[in-house]
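Reader: Please take a close look at a single residue here. Tell me where it sits and what surrounds it.

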Amino acid sequence: MRAAVVHGKDDIRIADVPTPSPGTGEVLIKVRGSGVCATDVKILGGSGLPKDLPTILGHEVAGTVEAVGEGVSGLTIGQRVAVYPIAACGRCYFCARGRHSLCTDQYGLAHGADGGFAEYVLVPSRIVELGGIVDIGDMPFDMAAMIEPVSCCLSAAELCGTTAGNNVAVIGCGPLGLLHVIVSKAMGARVIAVDPIEARLIKAREVGADEAINPQETNVLEQVRRLTEVGADVVIAAIGLSKVVEESLPLVRSGGVFNIFGGTPKGETISLDPRWLHYGEIVLTGTFAASLQHFLRSLEFVKDNHDTLAKVISARCGLEGLIEAVERTKSGAGFKTIIMFD
Ligand SMILES: [Zn+2]
Ligand SMILES: [Zn+2]
């Protein structure tokens, strides 16, 4: 099969590799849509690169069931599915409480197991047992590849307690920031989008943002205060820049929730005034992935919000377009790229 194989930092090569075959409990998926995520780009850039190389990235996978291993039931060959990417153990403290992303003994697609930037992906038995291969009905494969990133936004919205009438500030309007705009709007919030790139602000408005602020032109804190009087009920920092996370802290109102959604570079720190946290009764939290339950809810969300979500996809290309897509993601150009296979 053709695959984009990562050999090391910034070293990705499109090559022929053996097509895996499913062992007991495993399922082979013919990949049809595979989303390019900022996480892939970070890993490729050396941050969190697995020790076992070569590897195949891609954790936002949709396709059809190609073959099933011994002992697998409930799936049919040719079935159209999306794959929950975390191979959680199902037994630890966190799994018992449905917090699969916090599993103490986890691996997953593009994270210990080969991922979806390939014609086929072998789904580990743990994911199969968890019920992580999910029927998508007649949903197009590019949209089905969006179920995973949307699930992370739903997870964050739940943690933040986002409800109708809330003022939600989304800092960073890359693909995931835009998904936060869409999810927050669907929950009835008023959304204030913040990004220094004008094209992203235009897109944020297109997908429903009520306000769009360019920090290079406007004082964000003053503007958010003006719009909300007390500050935002919820702030989602959908950026991987520690400095911007720190600068965005004062946007949240007293008693509000601040969510660090974007992963920042290792070793960087932010400083905050404990008195601000204490006297402001601020809730500071983070989200990086989602549980299977969020993934299942995301499937329904993607069905219901198809037209708006489609606006976040800015490119669809074959596997040979992956390297360019990585470059675009690095430079902040375009939005979501989905790698498509026939
Ligand atoms: Zn992702
Ligand atoms: Zn676990």
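Author: With 27 C-beta neighbours inside 10 Å, Lys336 counts as buried. The cut-offs are these: 20 or more other C-beta atoms within 10 Å make a residue buried, 12 or fewer exposed, and anything in between partly exposed, with C-beta atoms placed from the backbone. This is a predicted model, where local features need pLDDT of at least 70, side-chain atom pairs count only at pLDDT 80 or more, and totals for chains, interfaces and linings use all residues. Residues are numbered from 1 along each chain as its sequence is written, while chains are lettered from A and ligands numbered from 1 in the order in which they are written.

Lys336 belongs to strand 19, residues 336–340. Strands are DSSP runs of E, at least two residues; helices are runs of H or I, at least four; both are numbered from the N terminus. The chain has 13 helices and 19 strands.

Now the contacts. Beyond its neighbours within four places in sequence, Lys336 touches Gly35, Pro175, Val312, Ile313 and Ser314. Contact means C-beta atoms, placed from the backbone, within 7 Å. Gln79 is 257 residues away along the chain, and its C-alpha atom is 25 Å from that of Lys336.

Next, the domains. Domain 1 covers 2–146 + 312–340, and domain 2 covers 156–286. These bounds come from an automatic or database domain assignment. The C-alpha centres of the two domains lie 29 Å apart. At their boundary, 7 residues of domain 1 are in contact with 12 residues of domain 2.

Finally, the whole chain. Of its 342 residues, 50% count as buried.

Definitions and conventions:
Two residues are in contact if their C-beta atoms, placed from the backbone, lie within 7 Å.
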